[in-house]
Amino acid sequence: MKMHSGRTVAAAAALMTATALLTGCSSSGSTGSGAPASGPVKLDFWGWAPGYDQSVALWNKSHPDIQITFDKTASGSKGGYTKMLTAVQAGNAPCLAQVGYETLPSFAAAGALEDVTSDTSSAKSQFADWTWNQVTIDGKTYGAPVDTAPMALMYRKDLFAKYGISKPPATWDEYAADAAKVHAADPSVYLGDFGNDAYNYAGLAWQAGAAWFGTANQQWQVSLNSASNQKVASYWQGLLDKKLLKTDPSYDPSLYSDMASGKILSDVNAVWDAPIIASSVKGSSGQWAVAPMPVWDAANPVYGNDGGSATAVLKGCAHAKEAAEFALWMSTDADSVANLIKVTGIYPAATAALSNPALSAPDPFYGGQKIYDVFNAETAHINTSWQWGPTMTQTSTDLADGLGQAGTGGSKLPAVLGTVQTKTVAQMKQQGLTVTG
Amino acid sequence: MSTATSRRTTVPAPASAERRGSRRAPAHVRRRARTAGAFLAPFLLLFCAMYVAPICWTVYQSLFRMHRDGLGLSAPTQVFAGLSNYSAALADPAFRGSLLRVLLIGVVQVPVMLALALGLALLLDARSTLFKRFFRLAFFLPYALPGVVGAIMWSYLVAPGLSPITAAAHHLGLHLDLTSNSMLAPTIGNMLTWGWTGYNMLIIYSALQAVPPELSEAATMDGCSAFGIAWRIKIPLVRPALVLTTVFSIIGTAQLYNEPAILHNVAPNLSSTYTPIYAAYDAVDANNFNAAATESVILALLAFVLSFGFLRLVQRRGAAL
């Protein structure tokens, strides 16, 4: 009798484990399916930029029928994109996601985006043309552009003066000369840093009109190793060979520690990097300034762009219309844009937003300078034909590896571009894409 | 002769008795089987769901690839690829390099670490050693630290610009960059040795504890030195523990990920395909799940062949002895 009851307990335990497992699966499945017919529509939004949550809160206050939940993920290249793509594969992706322009074609190629052309087409005229082109791939629109990212030179005004640089370098020739001057005055001090961020490097190529990807006759063209790209690579390799640049990894604590101690005097980076520097080297507040990015040809200045992202609608969204409505609102609503300018440090993609008063606020970290004036002046001179490829995750990882190697002297930039070109073409061919180049 | 015949004649008897018995008490046997099944079910269910199913899914995924046409800017289709993912992975110099790299690190680091672990265990086991408990804890402590924490600590100790080791070497007039291309493997080997020696030492040490003290006493009386006792008595007796730690270390090295991934933060020259798992993760990042599955299967097979190959080798040699 005793044995019998023991057996029953064992069987019951086994059954309970089994049901727990089964219900565990099914219950998580049911929460993923669409919202009930009545009540507000609930949408999830994944992203990492600071300030997005505050724009979402503004929306939720004024739109009781569509409630958005913002979930902060790791930044795209640090695992955020992997998480999004995996969620799409698993069928439980959020409706909305922060996706950089550079990664949108890769998302499209992965079939991870929802076509919202008909829900967004009426808003096209509110955005700068080229930004709309960044979210429209092969005739289909997948979301709303949020910002663009013109690049500039952020520099230490006081230390430039100390090392005898009377005005910030306007051309790359002057930049090289100043780099040599600073390094000669004190070998432990560098004018700038050559990091390992692939997209920062892309901004340098972008400025030089050195396209990486193009399409013609339904074929991809890969030109990472073109003559104009080699020109950019040779310039930076020249500075590296003379050891005129520091090679701290991009956005690494070592970079900011060198900036704080006055070992690195400037950084060529995008508009959104301005608040990052401001919060990373607080001690030197007021000593910094922003100047236009050095150019190749002073008579005909052209600037680069590093970043810019979209609010994309992900595949499988049950409320794509509402999601698109939010995406457009976030990029165009005056309060939302003011918040994004102040907290996120965006340079808005919506044309009307360029007159937002937040863009003319003086910045105490940059000595009270109205830093957006610099970016405003640049935007008319940014190459708007730049096109990203469909395998950017792979390409940017390979390039970042190569930049790291170049920084430590393991290989040379011109050779790195050749390697990345070969790998990118191989990767595209392996996926069945038609490639020339 | 008589025993042989008697054995031959008695063999059928219990068998037939059992057969008769089983016909009489089938309920009893069935009940026992059911009980066993009920006890096994939770394990089997979890084992299948968490272990067998993912392996099958990985192998299945490795046989397909995503196909796109033209510009490929719309959703791809999955097509059967046979073994072409495998040939592509093995033809990829980056992946082949990662396999060779862990092999090389394993061939150098595992023997060094195990020799160290064995030496420390023998010292702890020696009768004349002082402060045994303190040293046992001190040697084991690195393993008690989470692996990632250890890796972060070491990455600061070797980071260019921060490293006190580099600074000390510089003071002595030596140029030492612990994150240069040629020093990456030794640096990672050092991190592994630091983290795992104590763990292996503890396994070997507990095996040593099981060696009967009479053997050592008898050997001492026979005039054997302490070194001789260690070499002739103790080491042969802890052979199974050494085999076990070697197999664990081979598998651990094949799965190397934490240390290089953390080190990458301070050493951007460390490529994102440095080890096979790193490479598979890189493929996931690029949304190429099929390649990631293929690389995982290859790595699993390699670890399987190496660890079982090693087991077979020592078993055959053990039988010959």
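Two residues are in contact if their C-beta atoms, placed from the backbone, lie within 7 Å. The legends below use this definition.

The structure is a predicted model, in which local features need pLDDT of at least 70 and side-chain atom pairs count only at pLDDT 80 or more, while totals for chains, interfaces and linings use all residues. Residues are numbered from 1 along each chain as its sequence is written, and chains are lettered from A and ligands numbered from 1 in the order in which they are written.

View 1. Contact between them involves 15 residues of domain 1 of chain A and 14 residues of domain 2 of chain A. On the domain 1 side, H4(A) gives the most, with three residues. Seven nonpolar, seven polar and one charged residues form the side of domain 1 of chain A that touches domain 2 of chain A. For these classes, Ala, Val, Leu, Ile, Met, Phe, Trp, Tyr, Cys and Pro count as nonpolar, Asp, Glu, Lys and Arg as charged, and the others, Gly among them, as polar.

**View 2. Chain A as a whole.** Chain A holds 17 helices and 15 strands; these are DSSP runs numbered from the N terminus, with helices (H or I) of at least four residues and strands (E) of at least two. Along the principal axes, the C-alpha atoms of chain A fill a box of roughly 95 × 55 × 50 Å. Of the 437 residues in chain A, 49% are buried. A residue is buried if 20 or more other C-beta atoms lie within 10 Å of its own, exposed if 12 or fewer, and partly exposed in between. Among contacts in chain A with a separation of 6 or more, 76% join residues 24 or more positions apart.

**View 3. Nonpolar cores and the surroundings of Leu314(A).** A nonpolar core is a set of buried Ala, Val, Leu, Ile, Met, Phe, Trp, Tyr and Cys residues joined through C-beta atoms within 7 Å. The largest nonpolar core has 129 residues, of which Leu104(A), Ala312(A), Val313(A), Leu314(A) and Ala323(A) touch the most other members. Domain 1 and domain 2 of chain A each give this core at least three residues. Another core, of 56 residues, lies apart from it and includes Val102(B), Ile204(B), Leu242(B) and Tyr278(B). Beyond its neighbours within four places in sequence, Leu314(A) is in contact with residues including Met84(A), Val88(A), Pro94(A) and Leu113(A).

**View 4. Where chain A meets chain B.** Here 38 residues of chain A are in contact with 31 residues of chain B. Helix H1 (2–32), helix H3 (80–90), helix H4 (104–109) and helix H16 (392–407) of chain A each supply at least two residues of the chain A side. That side has 15 nonpolar, 20 polar and three charged residues.

**View 5. Thr436(A) in strand S15.** Thr436(A) belongs to strand S15 (residues 435–436) of chain A. Thr436(A) is exposed because it has 12 other C-beta atoms within 10 Å. The C-alpha atoms of Thr436(A) and Ala406(A) are separated by 27 Å, and the two residues are 30 residues apart along the chain.

**View 6. Ala94(B) in helix H5.** Ala94(B) is part of helix H5 (residues 93–125) of chain B. Ala94(B) counts as partly exposed because it has 16 C-beta neighbours inside 10 Å. Not counting residues up to four places away in sequence, Ala94(B) touches Thr273(B) and Ala279(B). Between the C-alpha atoms of Ala94(B) and Ala117(B), 23 residues apart along the chain, the separation is 33 Å.

**View 7. The two domains of chain B.** Chain B is assigned domain 1 (13–80) and domain 2 (88–320). Their C-alpha centres lie 34 Å apart. The contact takes seven residues from domain 1 of chain B and six residues from domain 2 of chain B.

Methods: Domain bounds come from an automatic or database domain assignment.
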